[in-house]
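Student: I have a structure on my screen and I want to learn how to read it. Can we go through it step by step?

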Amino acid sequence: MSITVITPKELFQKMKANEKVILLDVRAEEKYHDFHIDGPKVDSYNIHKEEIFNLEKAENLANESLPKDKEIIVTCTTGNSATKCANVLSTLNYNVTVLEGGITAWKEYLKTK
């Protein structure tokens with residue numbers, strides 16, 4: 001599967017339209033607890049990037065909590081780790097999208113709202 005990119009503005013519009021959003025934040029747990037994207041229709045998962053990288057080596061998928069039949073928006077601090085994780089998940093047939101610029105860009109976008 002290919003990986004698409006979503007901008008903070010596009011994600012904000014999805015959330016504003018009350019669309020169901022599945023978000024995978026691959027940052028460390030402390031960073032996730034300090035701040036993460038949340039909303040009434042947001043299913044947020046925090047799975048550290050190392051766990052995702054290890055899936056590449058695993059013969060079967062250890063984390064069955066992520067749906068394969070829905071878009072998963074992957075984010076991190078700036079987008080680099082999210083892109084690497086999205087590549088791994090894509091090879092495992094997940095429908096993944098990367099939040100462009102990560103949480104940093106999301107926070108900047110929110111300042112304009």
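Student: Which residues of α4 are buried?

Tutor: The buried residues of α4 are Ser81, Ala82, Cys85, Ala86, Val88, Leu89 and Ser90. Keep in mind that this is a predicted model.

Student: How should I read the spacing in that list?

Tutor: Start with the general idea. An α-helix has 3.6 residues a turn, so residues three or four places apart point the same way. Now look at the case here. Ser81, Cys85 and Leu89 are among the buried residues of α4.

Student: What covers the buried residues of α4?

Tutor: The cover includes β2, α3, β4 and β5.

Student: How many residues does α4 have, and what is its reach from first C-alpha to last?

Tutor: α4 has 12 residues and reaches 17 Å. That is close to the 16 Å expected at 1.5 Å a residue. After α4 comes Asn93, with a positive phi near 70 degrees.

Student: Which residues is Ser81 in contact with, leaving aside its neighbours within four places in sequence?

Tutor: Ser81 is in contact with Val26, Lys49 and Cys76, once those neighbours are left aside. Turn to Val26 next. With its own neighbours within four places set aside, Val26 is in contact with Ser81, Ala82 and Cys85, among others. The list for Val26 also includes Ile47, His48, Ile52 and Val74.

Student: Which residues of the largest nonpolar core touch the most other members?

Tutor: They are Leu24, Val26, Ile52, Ile72, Val74, Leu89 and Val96, out of 18 residues in this core. β2, α3 (49–55), β4, α4 and β5 each supply at least two residues of the core. The largest share, 5 residues, comes from α4.

Student: Now the strands. How do I read the two faces of a strand?

Tutor: In a regular strand the side chains alternate between the two faces of the sheet.

Student: Which strands does β2 pair with, and over how many bridges?

Tutor: β2 pairs with β3 in the parallel sense over 5 bridges. Val21 stands opposite Val42 in β3. β2 also pairs with β4 in the parallel sense, over 4 bridges. There, Ile22 stands opposite Ile72.

Student: What is the order of the strands in the sheet?

Tutor: The 5 strands form an open sheet in the order β1-β5-β4-β2-β3, with parallel pairing. The edge strands are β1 (4–6) and β3 (42–46), and each pairs on one side only. From one strand to the next, the twist averages 30 degrees.

Student: Which helix packs on the sheet and touches β1?

Tutor: Helix α1 (residues 8–16) packs there, touching β1, β2, β3, β4 and β5. The direction of α1 makes about 75 degrees with that of β1.

Student: What kind of unit do β2, α2 and β3 make?

Tutor: β2, helix α2 (residues 29–34) and β3 make a right-handed β-α-β unit.

How values were computed: Residues are numbered from 1 along each chain as its sequence is written. This is a predicted model: local features need pLDDT of at least 70, side-chain atom pairs count only at pLDDT 80 or more; totals for chains, interfaces and linings use all residues. Side-chain values use heavy atoms; hydrogens and water are left out. Two strands pair if DSSP finds at least two bridges between them. Axes are lines fitted to C-alpha atoms, for helices over the stretch in contact, and angles run from 0 to 180 degrees between N-to-C directions. Contact means heavy atoms within 4.5 Å. A nonpolar core is a set of buried Ala, Val, Leu, Ile, Met, Phe, Trp, Tyr and Cys residues joined through side-chain atoms within 4.5 Å. Buried means under 20% relative accessible area, exposed over 50%, partly exposed in between (1.4 Å probe, protein chains only). A crossover is right-handed if, with the strands pointing away from the viewer, the path from the first strand over the helix to the second runs clockwise. The expected span of a helix is 1.5 Å times one less than its number of residues.
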